Amino acid sequence: MSLSTVAVGLALALDAAVGEPPTRLHPVAWFGRLVGPLDRAWTRPRLVGALAALALPLAAGLLVGGFVAVAGAWRPSAAAVAGGIALFLTTSLRRLLTVASEVTALTETDLDAARSELRALAGRDAATLSPGEVRSAVVESVAENLADGLVAPLGAFGALAVAADLVLSSGSLPAGLDPTVTAVALGAAGAAWVKAVNTMDSMLGYRSKPVGWAPARLDDAVMWAPSRASAVLIAAAALAPGSLVAARRWLDRVPSPNSGWPMGTVAAALGAGLVKPGVYEINAGAPLPTVDDAERAVGRVRLAGGLAYLGVGVLTWV
């Protein structure tokens, strides 16, 4: 078993056992504090945004990759542990699904509380949302965040670790570098870079913020493959391959070039409609999600996430 596979297994185990560390201790939150000061008026906001989009994710990737490499220089097994911790901190599944289930249950017992708790999942004004619209937001969020919060950083880890292995097998790496440690370090750096890009987009990538134009465009490019891979995983988890075809028909109704794939796929698999009032409607004419629909969506995304871990684990093992 490769060190990269051990790192993937450790990340999965930590997510299952811990969920997420407290915000004050989370490196992603620390990174967010670096991004925060960018959100102000600039003389040339697009230039500032472009420079930040290049520099900050690169710095995050180098820092995390360097941390894993230093750990591996002490002992190769330490690289697997450091890489697993890095991957755990750049991915999220359990916490997402736990909050989604909690909000779904509250839509039947305390709608005001459900609207309030929804802020942890979706950045929209929930003050007037109906129970069905709250559940729609829950389903949309778990589908979209499967791509953003898990498949993208996990996929980057796997792709770069495997690419490093291929390069190393050709003998192209300078002498003195441990090939297995290098693979884990590059994979962790890739996961951190992707998470940094996504964090910048979530904080700055709005039309009202010119400084966020470059981070948003970069995130669109980075999320192209993960969003589509997430749709495939959801379709597989739901045993509904036809849901991919349906999702394709609804893509032009969603402003994002990527999020329509996982959201449309889960909507088709559930036979439910999804709506963000005043912005988009997916699977128009179908009823909004029931409590059972939303819980089924949580279950399908949980299984899809497991398939993602399994796929990357096998990929790095082979």
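Helix H3 contributes the most to the lining of the second largest pocket, with six residues. Helices here are DSSP runs of H or I with at least four residues, numbered from the N terminus. A pocket is an open set of points on a 1 Å grid over the protein atoms alone, where a 1.4 Å probe fits, with protein on both sides within 12 Å along at least five of seven lines; lining residues have an atom within 4 Å of a point. The model is predicted, local features need pLDDT of at least 70, side-chain atom pairs count only at pLDDT 80 or more, and totals for chains, interfaces and linings use all residues. Residues are numbered from 1 along each chain as its sequence is written, and side-chain values use heavy atoms, with hydrogens and water left out.

The second largest pocket holds about 500 Å³ of space, a volume being the space filled by probe spheres set on the grid points, which are joined across faces, edges and corners. Its lining has 20 residues, and Pro27, Val28, Ala60, Leu63 and Val64 lie nearest the centre. At least two lining residues come from each of H2 (27–35), H3 (45–74), H4 (76–90) and H8 (179–204). By class, 17 residues of this lining are nonpolar, two are polar and one is charged. Ala, Val, Leu, Ile, Met, Phe, Trp, Tyr, Cys and Pro count as nonpolar, Asp, Glu, Lys and Arg as charged, and the others, Gly among them, as polar.

Leu89 is placed in helix H4. Leaving out residues up to four places away in sequence, Leu89 touches Pro21, His26, Pro27 and Val28, where contact means heavy atoms within 4.5 Å. The C-alpha atoms of Leu89 and Ala11 are 8.2 Å apart, although 78 residues separate the two along the chain.

Helix H8 also packs with helix H1 (residues 3–18), at an angle of about 40 degrees and with the axes 8 Å apart. The two helices are therefore oblique to each other. On the H1 side the contact involves Leu3, Ser4 and Ala7, and on the H8 side Thr180, Val181, Ala183 and Val184. Five of the residues in this contact are nonpolar, two are polar and none is charged. Axes are lines fitted to C-alpha atoms, for helices over the stretch in contact, and angles run from 0 to 180 degrees between N-to-C directions; those under 35 degrees count as roughly parallel, over 145 as roughly antiparallel, 65 to 115 as roughly perpendicular and the rest as oblique.
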